[in-house]
Amino acid sequence: MAKIVKRATAGTMESSDAFVQIAPADDLEIELHSVVEEQFGEDIRALIRRVLNESGIQSAHLRVEDRGALDCVLEARIRTAVSRAAEGTKKGDAQ
Amino acid sequence: MIRSLLFIPGNSPSLLVGGGFLGADALILDLEDAVAPAEKDAARLLVQNAVRWFKRFPVRTIVRVNALDTPYFRADIQTVLPAEPDMIMLPKSGTRSDIEQALSVMSVTGNEKTALFPLVETALGIENAYSIAASSPRVYGLLLGAEDLTRDLHTKRTGEGAEIAYARGRIVCAARAAGKEVYDTPFTDVNDDAGILADTETAKSFGFTGKASISPRHIDPINRIFSPSPAEIREAQDIVRAAKEAEKEGRGVIALNGKMIDAPVLARAEQVLASISAPTPVAASITTDKADKKENEERSDKEVSDER
């Protein structure tokens, strides 16, 4: 199980991207803002829960600003934010 | 056959997701120069997912990783190789040893399918081009990188390209001697329409297999110039047919329209026909999923607002 130890971000607010912010929390809290929330909000939340589960994250506050990102983009941004917040590494570290 | 290779920045979702629709035979997803050091980790994960996304398109995926002597190389390979891109492009390939080191790191991932595509962009690399190309069966071919090369040569790029004439000739000869494909450097002035045509014709006359590009606008001229014309295809078909008839009739000499066809002419005709039998990328029919729905939604929203 991975633990979120600090606040971290990944992605951008540009079209086709998503901006993801993650921070330590006692429970799992997901805050989603999406340009396609009405149509795909449930699908996006399911994807977020799956990626967090695969990353071993059980508690965190995750805020996602979705700008029409494809699943493959959103998944990469969440994994990057988790990696930056859980490992104690700096942005862009080699390993 | 791959004719056109299009560079796409590795950390730009808007450019990445549209890459499969641009008509390029292969996409070079760039983790090197196009990505800032602070975003290397994000780009790696994005490119890993993008490689999987592109498997639904008839386009080859090539990932340009960071050079061997950077702190990013190993992490690039370890993150990207499990997604099985068609090739890894190794920048600043200068010696046979560079290729062996890269293949050694790649082998640790257990991926035995992904080929290696050395980017030759230094004076040392040009001089060692044959040993680089012949260093392993896993080397697909060579790409000439003229921007870094001209810096190394203490000169600068020109539209005419006289400063890279030696490098072009040498890299083509080296790759062909090793039995490998070889690709020309991008033409970097994206607004010079006559320039891209002239530069691509020059590349073809040198014997390159195709050409890289940094602009989607250059894909069509590259594909066109590196494809045989209808007249060339007809001539090649006639030559091959004449050769088959001569063989069937036990004649040692092949003649077509009163002219003798010798072995190199027949071999060239067979190359032309082989190049058109390779699959040509076309827009794929993609299964409808959430991603496509999103795209359609956005498109229809835009169309509605345009109509207003």
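Predicted model: local features only at pLDDT ≥ 70, side-chain atom pairs only at ≥ 80, totals over all residues.
Residues are numbered from 1 along each chain as its sequence is written, and chains are lettered from A. Local features need pLDDT of at least 70, side-chain atom pairs count only at pLDDT 80 or more, and side-chain values use heavy atoms, with hydrogens and water left out.

Strand E2 of chain A (residues 18–23; strands are DSSP runs of at least two residues) is mostly covered, with six of its six residues buried (under 20% relative accessible area, 1.4 Å probe, protein chains only). A:Ala18, A:Val20 and A:Ile22 point one way from E2(A), while A:Phe19, A:Gln21 and A:Ala23 point the other way.

E2(A) pairs antiparallel with E1(A) (residues 8–11) over four bridges (pairing takes at least two DSSP bridges). Six residues sit between the strands of this hairpin, where A:Ser16 has a positive phi near 75°. E2(A) is also joined to E4(A) (residues 60–66), again antiparallel, by six bridges.

As for the helices (DSSP runs of H or I, at least four residues), the axes of H1(A) (residues 37–54) and H2(A) (residues 71–86) come within 10 Å and cross at roughly 40°. Residues in contact (heavy atoms within 4.5 Å) include A:Ile44 and A:Leu47 in H1(A), and A:Leu74 and A:Ile78 in H2(A).

Notes
Axes fitted to C-alpha atoms, helices over the stretch in contact; angles between N-to-C directions. Buried < 20%, exposed > 50% of the residue type's maximum accessible area, 1.4 Å probe, protein only.
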